[in-house]
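Please look at the sequence and the structure shown below, and keep both in view while you read the explanation that follows.

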Amino acid sequence: MPDSWMPQAAKSDLGDHAPCAPEFPAKAIAHITADRRATAAAPQDLVPFANLKGFFTGSGRQQAPHILWDPFTGAFAQFFPATSRSKAAADAPGGTRTNRAGKVVIQIEALFFPHCRVNGTVFARLVDTPCVGWGDLNAWINSWGVPEVWPMGRPTSLSRKTAPDATWRSRAGWYAHAHVPENDHVDPGSWPAFG
């Protein structure tokens, strides 16, 4: 059986575990933290990893993903085991069980916002970053049976494209937050390619 805790991640267990629904296929959901509003004309410094980790273990615990990933350093923090639902997607009572509709529904928050500045360099898209640690992250998620496919297409822009309920319930693979039913987000805008 795969490891419920990613070996490379600092474990920050929030408790409050709840099972996923194994009658549905395994999924991963890609998010960006998008914690600042920057533009090409007015970039802003990236928020420190420790700040976001502190948010998800403090006042933001009701929005915590499984994994917080820093694509600039390869740092990871994990808040829930893979076998539990996390809380990064909106999940209306009686709805499509967005956080649970899968053998696993592993949610990743990449520490990133468009036009963030790191060591003097501005990055418009997540794929423009070094994506340090992506191989380890993808391998761990793949070990849980999440196939390297995007049922709704790989994200290439900050736009909404909601998955039909039938797709969400029946298709394994990676989904952008922009694809998740019951949600109104447009992230992540881009995501690294599979190995």
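Which residues are buried in helix α1 (residues 49–57)? In this model, which is a predicted one, the buried residues of helix α1 include Phe 49, Leu 52 and Phe 56. These three cover an arc of only 70° around the axis, and therefore they lie on the same side of α1. The buried residues of the helix pack against three strands, namely β4 (67–69), β5 (76–78) and β6 (105–110).

The largest nonpolar core has 44 residues, and the members that touch the most other members are Ile 67, Trp 69, Ile 108, Leu 137, Ile 141, Trp 174 and Trp 191. Two or more residues of this core are given by each of the elements β2 (27–32), α1, β4, β5, β6, β7 and α2 (134–142), and the largest share, four residues, comes from α2. There is also a second, separate core of 11 residues, which includes Phe 24, Met 152, Trp 168 and Val 180.

Next, consider how some of the strands are arranged. Strands of a sheet pair through backbone hydrogen bonds, in either a parallel or an antiparallel way. Here, three strands form an open sheet with mixed pairing, and their order is β3-β7-β8. Because β3 (44–45) and β8 (121–123) stand at the edges and each has a single partner strand, one side of each is left without a neighbour in the sheet. The pairing between β3 and β7 (residues 116–118) is parallel and runs over two bridges, and in it Asp 45 has Arg 117 of β7 as its bridge partner.

Leaving aside neighbours within four places in sequence, Pro 192 is in contact with Trp 69, Leu 126, Val 127, Cys 131, Trp 134 and Arg 154. Pro 192 and Gly 135 are 57 residues apart in sequence, while their C-alpha atoms are 9.5 Å apart in space. The other residue, Ser 12, has its place in the loop between β1 (10–11) and β2, and with a relative accessibility of 13% Ser 12 counts as buried as well. When residues up to four places away in sequence are not counted, Ser 12 touches Lys 53, Thr 57, Gln 78 and Phe 79.

Technical notes:
Residues are numbered from 1 along each chain as its sequence is written. This is a predicted model: local features need pLDDT of at least 70, side-chain atom pairs count only at pLDDT 80 or more; totals for chains, interfaces and linings use all residues. Side-chain values use heavy atoms; hydrogens and water are left out. Two strands pair if DSSP finds at least two bridges between them. Contact means heavy atoms within 4.5 Å. Buried means under 20% relative accessible area, exposed over 50%, partly exposed in between (1.4 Å probe, protein chains only). The arc is that of the directions from the helix axis to the C-beta atoms. A nonpolar core is a set of buried Ala, Val, Leu, Ile, Met, Phe, Trp, Tyr and Cys residues joined through side-chain atoms within 4.5 Å.
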